[in-house]
Amino acid sequence: MFNREESTAPVETGETYEVTIEDIAREGDGIARVSGFVIFVPGTSVGDEVTIKVTKVLRKFAFGEVAE
């Protein structure tokens, strides 16, 4: 079924993106942005330039993991 919440995000679940980790969240996850859209990436540090795979997209942010 069509998920209206995902349509507003500039990223898609399963896609990969080249990002730079800009900040660290309170929980310790790295924060990257794609077109201003926040993506939380565990196991990263500020300044890391990584390729991530988006694992879950919500209305205001997404989660990703470092791609192998």
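F63 is partly exposed, with a relative accessible area of 30%, where buried denotes under 20% relative accessible area, exposed over 50%, and partly exposed the range in between, computed with a 1.4 Å probe on protein chains only. This value, like the others reported here, comes from a predicted model, in which local features need pLDDT of at least 70 and side-chain atom pairs count only at pLDDT 80 or more, while totals for chains, interfaces and linings use all residues. Residues are numbered from 1 along each chain as its sequence is written, and side-chain values use heavy atoms, with hydrogens and water left out.

Strands, here and below, are DSSP runs of E with at least two residues, and helices are runs of H or I with at least four, numbered from the N terminus. The rings of F61 and F63, by contrast, have centres 5.5 Å apart and planes at 85°, so that pair is edge-to-face. F40, F61 and F63 together form one aromatic cluster, in which F40 is buried at a relative accessible area of 18%, whereas F61 is partly exposed at 29%.

The strands that carry these residues belong to an open sheet of 6 strands with mixed pairing, arranged in the order β1-β5-β6-β4-β3-β2; two strands are regarded as paired if DSSP finds at least two bridges between them. The edge strands are β1 and β2, each of which pairs on one side only. Strand β1 (residues 16-20) runs antiparallel to strand β5 (residues 49-57), and 5 bridges join the two. Within this pairing, T16 has K53 of β5 as its bridge partner, and T20 has E49 of β5. Strand β5 also pairs with strand β6 (residues 61-66), again in the antiparallel sense and over 5 bridges, with V66 of β6 as the bridge partner of I52. These two strands, β5 and β6, form a hairpin with 3 residues between them.

A search of the whole structure finds 1 salt bridge, a contact defined by a side-chain nitrogen of Lys or Arg within 4 Å of a carboxyl oxygen of Asp or Glu. The salt bridge is formed by R33 and E22, whose closest N and O atoms are 2.7 Å apart. Because R33 lies in strand β3 (residues 30-34) and E22 in the loop between β1 and β2 (23-24), the pair ties together parts that are 11 residues apart in sequence. Both residues are partly exposed, R33 with a relative accessible area of 38% and E22 with one of 44%.

A further backbone feature concerns S35, which has a positive phi of about 50° although S35 is not a glycine. This residue is placed in the loop between β3 and β4, and S35 is exposed, with a relative accessible area of 71%.

Conventions
Phe/Tyr/Trp six-rings, centres within 6.5 Å; stacked < 30°, edge-to-face > 60°.
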